[in-house]
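User: Please take me through this model, and set each description against the criterion behind it.

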Amino acid sequence: MENSGAWENLPGKTPAEKLGSLGVTKDAFFNILMLDEIGRTHGVKVILFFEDDLAHSRSLESVIEEFGNVPEYERPYISIESFLRFTRENDPSFEQTMREFPLMIKIVTTGEMQTKMSGSVRYITGLMPFLDELDVDKEPSA
């Protein structure tokens with residue numbers, strides 16, 4: 001749960017200013033686990049995009065409106081909580097791998113939006129690296 005004091009104690013007035021004080025600014029790169037911690041500590045929803053064009057050309061509200069009824073694992077975005085839960089459940093070595101090879105997320109936007117169910121929601125959107133950008137051992141091509 002959010003520590004409401006943690007958010008209030010960040011310097012700045014707007015979500016961009018407050019998150020900027022933590023280094024969460026457009027085009028910055030963050031370790032996915034650190035980004036998750038920031039989201040949980042400060043009550044900020046973190047959304048990870050898989051498509052560069054979508055992440056940069058549309059507002060988060062319009063993307064959620066368009067894909068909100070699509071099953072979670074078929075959307076072009078996912079909450080950081082769902083991504084990490086899925087990965088941990090399906091890969092027992094995930095934590096060790098993340099320590100050895102941190103997954104770096106590129107920050108796209110920060111802000112606040114109004115939702116029908118939750119009211120005002122602070123958010124961070126980030127772009128997942130493309131598979132060809134990941135530093136992993138690859139099998140040689142035949």
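Analyst: Of the 142 residues in the protein, 36% are buried; buried means under 20% relative accessible area, exposed over 50%, and partly exposed in between (1.4 Å probe, protein chains only). This is a predicted model, in which local features need pLDDT of at least 70 and side-chain atom pairs count only at pLDDT 80 or more, while totals for chains, interfaces and linings use all residues. Residues are numbered from 1 along each chain as its sequence is written, and side-chain values use heavy atoms, with hydrogens and water left out.

User: How many helices and strands does the protein have, and what pattern do they follow along the sequence?

Analyst: There are seven helices and five strands, and along the sequence they give the pattern α-α-β-α-β-α-α-β-α-α-β-β. Helices (H or I, at least four residues) and strands (E, at least two) are DSSP runs, numbered from the N terminus.

User: In what order do the strands form the sheet, and what makes β1 and β3 its edges?

Analyst: The order in the open sheet is β1-β4-β5-β2-β3, with mixed pairing. Two strands pair if DSSP finds at least two bridges between them. β1 (29-31) and β3 each have a single partner strand, so one side of each has no neighbour in the sheet. Neighbouring strands of this sheet are turned by 40° against each other on average, direction ignored; the axes are lines fitted to C-alpha atoms, for helices over the stretch in contact, and angles run from 0 to 180 degrees between N-to-C directions.

User: How do you know that β5 pairs with β4 and with β2?

Analyst: Strands β4 (residues 104-115) and β5 (residues 119-127) share nine bridges in the antiparallel sense, against a criterion of at least two. A hairpin through three residues joins β4 to β5. Across this pairing, Thr110 is opposite Ile124 and Met113 is opposite Val121. β2 and β5 run parallel and are joined by five bridges, and Phe49 stands opposite Leu127 in β5.

User: What makes β5 mostly covered, and why is Thr125 called buried?

Analyst: Seven of the nine residues of β5 are buried. Thr125 lies in this strand; its relative accessible area is 2%, so it counts as buried under the 20% limit. The side chains of Thr125 and Thr109 are joined by a polar contact of 2.5 Å. A polar contact is a pair of N or O atoms within 3.5 Å; within protein, one must be able to donate a hydrogen and the other to accept it, and residues adjacent in sequence count only if both atoms are side-chain atoms.

User: Why is the pair of Phe49 and Tyr77 called tilted?

Analyst: Rings of Phe, Tyr and Trp (its six-membered ring) pair if their centres lie within 6.5 Å; planes under 30 degrees apart count as stacked, over 60 as edge-to-face and the rest as tilted. The search of the whole structure finds two aromatic pairs. In one of them, Phe49 and Tyr77 are 6.0 Å apart centre to centre with 40° between the planes, and are therefore tilted. Phe49 is in strand β2 (residues 45-49) and Tyr77 in strand β3 (residues 77-79), so the pair ties together parts 28 residues apart in sequence. Phe49 is buried at 1% relative accessibility, and Tyr77 is buried at 5%.

User: Which residues form the tilted pair at 5.2 Å centre to centre?

Analyst: Tyr73 and Phe86 form that pair, with 40° between the planes. Tyr73 lies in the loop between α5 and β3 and Phe86 in helix α6 (residues 80-90), so parts 13 residues apart in sequence are tied together. Tyr73 is partly exposed at 48%, as is Phe86 at 41%.

User: How do you know that the buried residues of α3 line one face?

Analyst: In helix α3 (residues 32-42), Ile32, Leu35, Asp36, Ile38, Gly39 and His42 are buried. Seen down the axis, they fall within an arc of 160°, so they line one face of the helix; the arc is that of the directions from the helix axis to the C-beta atoms. At the N-terminal end, Asn31 caps α3, with a side-chain oxygen 2.7 Å from the backbone nitrogen of Leu33.
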